[in-house]
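Subject: The two-chain model, with notes

Hi,

Here is the structure I promised to send over. Have a look at it first, and then read on for what turned up.

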Amino acid sequence: MQYSDTLIDHFRNPRNAGMMREPDGVGEGEFAQCMDLARFYLRVREGRVEEARFQAYGCGPTLAACSAGTEVAAGVSLEDLSAVTEARIEAAVGGLPPERRHAAEVVALALRAAARDAMAKRGVR
Amino acid sequence: MSTAERELFGNASSVHYFGQQAKAAIDTARSSLSTLLNADPSEVVFTGGGTESDNLGIKGIAAARRAGHIITSQIEHHAVLRTVQTLEEQGFTATYLPVDGFGMVDPGDVRKALRADTILVSLMGANSEVGTLQPIREIGRITREAGVPLHVDGVQTFGKVPMDVDVFGIDLLSFSGHKIYGPKGIAGLFIRKGTKMASIQHGGEHERRRRAGTENVAGIVGLGKAVAVRARDMADETVRLTALRDRLWQGVRAGVQEVRLNGHPTERLPGTCNMCFHNIESESVVLGLDLKGVGVSAGSACTSGNVEPSYVLVAMGIPVDWAMGSVRCSLGRGTTGEDIEYVIEATVSHVAKLRGLSPVKA
């Protein structure tokens, strides 16, 4: 299967991998058909994502899309992140073959959930 | 082969000199094959691929009998499974035998499945995914006693494990060239003399009317050469590859937690090592190793976001959370001890990295 150089780079050298202690928001995305799972942790300052980290189970594109997703999230307002699209994630890995588009879906789903979680916690505070 | 392509341009069915030259080259290859299988040269039919050989063997028997029952197993290659399923749609009946945890068919199950109307037993010599060798010799004794023809899909075993058709009681044996470093697109079927078969391809008298179509002379010459080399090297290669295969498994097992070997520990193809990594998806292992210059194949196939665990592993009773992480390593003529140490190191470090990313604890 042909993957972009960007995707391969993220797969080979995943950015911001691993869990985060006491995050301001956590969100998961799951793609039941292939059991892929992405989890994002967010550190938030003044309504914007200061740092995002991930953990994931899945195929190479899903792992790479998670890594790219942490870069997409950095510096973005929670409001904007809560509306992040699959297309934005796909672009961040330099495109995906049609049969691997679920990688962008699962990452966008998890990032949106993490943003909503952080927004809800801010509201509580 | 290139000499054959250049110089043997005659049609082997023609009576002129050029045709007879091509026919002589085909006969030489047929003779090498018959020696390897302990068959008569007239019992060897050339085809265009292992899949065609399986189709010819199974459909040829079915066409001659017109109705009846076929016994096969749940872990056959699709060339056999789909063929038998197609025959079921045409009114034939079939039994798909289960396998044990190692992927082995119980000969007792073959005996129990035999019926008065059974027209064929079709089983693979070795499984293409996990490499487990089937007890063909015992099964051959049972089919002999019952008077039912035994077809063996020998594509995986051909040239790797001795398979004397008389000793094993085989009536039909599929084999293929590219599995033994021969050319692609050339294969064959051993058909024991006296086996009631009908042609499934019409329009020519080739291969003693059993497979119509002009012979692929260069391919056959290449296959014959590959067979001669395998016959010479098979015993030594078996010893060498078995040691490398076992070293690979020991090395990975020593460095990785929650890994299991799929297939029989000893009754297995010398060059096949199939492993499952718990809670890791095969494709991420395959991609990571590919980037390190190691080509392995994934057991689970992800198509359009739907992952299907290997039907072979499922039939062996392997849980899905294990089966999703199966990877097959195939060792061959060019594999060295140094390669194996590299693959062990690459696998251990890559699996550790994937586990580090995972929210699912192994």
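**The sheet in chain A**

In chain A, three strands make an open sheet with the order β1-β2-β3 and antiparallel pairing. Strands pair here if DSSP finds at least two bridges between them; the strands themselves (E, at least two residues) and the helices (H or I, at least four) are DSSP runs, numbered from the N terminus. β1 (25-31) and β3 of chain A are at the edges, each with a single partner strand, so one side of each has no neighbour in the sheet. From one strand to the next, the twist averages 20°.

Before going further, a word on the source: this is a predicted model, in which local features need pLDDT of at least 70 and side-chain atom pairs count only at pLDDT 80 or more, while totals for chains, interfaces and linings use all residues. Residues are numbered from 1 along each chain as its sequence is written, and chains are lettered from A and ligands numbered from 1 in the order in which they are written.

Back to the sheet: β1(A) and β2(A) run antiparallel and are joined by seven bridges. α2(A) lies across β2 and β3 of chain A and runs at about 170° to β3(A). For that angle, axes are lines fitted to C-alpha atoms, for helices over the stretch in contact, and angles run from 0 to 180 degrees between N-to-C directions.

**Chain A as a whole**

Chain A has five helices and three strands, and along the sequence they follow the pattern α-β-β-β-α-α-α-α. Its radius of gyration is 13 Å, close to the 14 Å that the globule rule gives for 125 residues, so chain A is as compact as a globular protein of that length. (The radius is taken over C-alpha atoms, and the rule is 2.2 Å times the number of residues to the power 0.38.) The C-alpha atoms fill a box of roughly 45 × 25 × 25 Å along the principal axes. Of the 125 residues, 52% count as buried; a residue is buried if 20 or more other C-beta atoms lie within 10 Å of its own, exposed if 12 or fewer, and partly exposed in between, with C-beta atoms placed from the backbone.

**Where the chains meet**

How many residues of chain A are in contact with chain B? There are 20, and they touch 18 residues of chain B; contact means that the C-beta atoms of two residues, placed from the backbone, lie within 7 Å. On the chain A side, α1 (5-12), β2 (36-45), β3 (48-57) and α2 (60-73) each supply at least two residues. That side divides into 12 nonpolar, five polar and three charged residues. (Ala, Val, Leu, Ile, Met, Phe, Trp, Tyr, Cys and Pro count as nonpolar, Asp, Glu, Lys and Arg as charged, and the others, Gly among them, as polar.)

Chain B has 12 helices and 13 strands. Its radius of gyration is 22 Å, close to the 21 Å from the globule rule for 362 residues, so chain B is as compact as a globular protein of that length. Buried residues make up 49% of those 362.

The domain assignment, which is automatic or from a database, gives domain 1 (2-230) and domain 2 (234-357) in chain B. Their C-alpha centres lie 29 Å apart. The contact between them takes 21 residues from domain 1 and 18 residues from domain 2. On the domain 1 side, these are 10 nonpolar, eight polar and three charged.

What about β9 (residues 272-277) of chain B? Six of its six residues are buried, so β9(B) is largely enclosed by the rest of the structure. T272(B), N274(B) and C276(B) point one way, and C273(B), M275(B) and F277(B) the other. Four bridges join β9(B) to β8(B), where L261(B) stands opposite M275(B). Five bridges pair β9(B) with β13(B), and there C276(B) stands opposite S326(B).

Happy browsing!
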